[in-house]
Amino acid sequence: MRNKKVLFIVQAALVAAIYVVLTIFINTFNLASGAIQVRVSEALTILPYFTSAAIPGLAIGCLLANLLTGAAIYDVIFGSLATLLGAVGTYLLRKHKFLSTLPPVISNIIIIPWVLRYGYGLVMEFKGADWSVPFYMLTVGAGEIICCCVLGTVLLNALAKVRSVIFPE
């Protein structure tokens with residue numbers, strides 16, 4: 001029983017650490033946050049497909065990454081919540097390989113545009129109307145599809161081959 005708890009904690013900590021490192025790396029190219037973001041660390045949101053330990057690991061990793069990259073407090077809170085909800089959704093859909101990539105995309109499309117608009121005050125006006133939230137839904141959604149659906153699927157298929165070694169039951 002004790003070994004399972006230790007394994008869970010170690011896996012969660014490793015996921016959090018990898019998420020932070022990937023986010024800080026991609027942040028050097030200004031792609032970790034903002035209106036156009038391709039946060040490659042979001043590909044890790046496929047990991048709850050393999051282990052429930054990835055859920056707290058992703059949430060803590062996102063929280064730490066947001067703090068370390070200087071995100072606004074609303075982004076720290078709601079961005080971490082979006083990643084947590086996406087990770088839980090991935091875990092709940094783990095029986096469906098393709099569908100398991102969608103919860104992080106959906107949670108980020110719903111939550112992050114509001115953070116960009118009201119947390120950062122980023123405004124996208126067109127012909128006198130505020131199109132910020134719909135515009136950021138498109139840009140954030142595109143980045144999430146690249147990271148979660150494309151890179152996440154590549155990661156899922158690569159890890160599936162060594163599942164029993166990396167994620168022992």
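These legends walk through a few close-up views of a predicted model.

Residues are numbered from 1 along each chain as its sequence is written. Because the model is predicted, local features need pLDDT of at least 70 and side-chain atom pairs count only at pLDDT 80 or more, while totals for chains, interfaces and linings use all residues, and side-chain values use heavy atoms, with hydrogens and water left out.

**View 1. Helix α2 against helix α3.**
Two packed helices are described by the angle between their axes and the distance between the axes. Here we have α2, residues 54-68, and α3, residues 73-92, with axes that come within 8 Å and cross at roughly 160°. (Axes are lines fitted to C-alpha atoms, for helices over the stretch in contact, and angles run from 0 to 180 degrees between N-to-C directions; helices are DSSP runs of H or I with at least four residues, strands are E runs of at least two, and both are numbered from the N terminus.) The pair is therefore roughly antiparallel, a label for angles over 145 degrees, with under 35 counting as roughly parallel, 65 to 115 as roughly perpendicular and the rest as oblique. On the α2 side, look for I55, L58, A59, C62, L63, N66 and L67; from α3 come D75, V76, G79, S80, T83, L84, A87, V88 and Y91. Contact means heavy atoms within 4.5 Å. Sorted by type, the residues of this α2 and α3 contact are 11 nonpolar, four polar and one charged. (Ala, Val, Leu, Ile, Met, Phe, Trp, Tyr, Cys and Pro count as nonpolar, Asp, Glu, Lys and Arg as charged, and the others, Gly among them, as polar.)

**View 2. Zooming in on T83.**
T83 sits in helix α3 and is buried, at a relative accessible area of 2%. (Buried is under 20% relative accessible area, exposed is over 50%, and partly exposed is in between, using a 1.4 Å probe and protein chains only.) Setting aside residues up to four places away in sequence, T83 touches Y19, E42, T45, L58 and C62.

**View 3. The other partner of α3, helix α4.**
Helices α3 and α4 pack at about 170°, and their axes are 8 Å apart. That makes α3 roughly antiparallel to α4. The α3 residues Y74, D75, F78, G79, A82, L85, G86, G89 and T90 meet P103, P104, S107, N108, I111, I112, V115 and G119 of α4. This α3 and α4 contact divides into nine nonpolar residues, seven polar and one charged.

Beyond its neighbours within four places in sequence, P104 is in contact with E42, T45, G86, T90, E144 and C148.

**View 4. Cysteines without a bond.**
The structure holds zero disulfides, a disulfide being a pair of cysteine sulfur atoms within 2.5 Å. For C62, the closest cysteine sulfur is in C148, 11 Å away, which is too far for a bond. C149 also has its closest cysteine sulfur in C148, at 6.4 Å, again too far. C62 is buried, with 1% relative accessible area, and C149 counts as buried too, at 14%.

**View 5. Two loop residues with positive phi.**
Most residues other than glycine have a negative phi. N30, in the loop between α1 (2-27) and α2, has a positive phi of about 55° although it is not a glycine. K127, in the loop between β1 (125-126) and β2 (129-130), has a phi near 55°, also positive in a residue other than glycine. N30 is exposed at 61% relative accessible area, and K127 is exposed at 77%.

**View 6. T23 in helix α1.**
T23 is found in α1 and counts as buried, at 0% relative accessibility. Leaving out residues up to four places away in sequence, T23 touches A32, R39, S41, A65 and T69.
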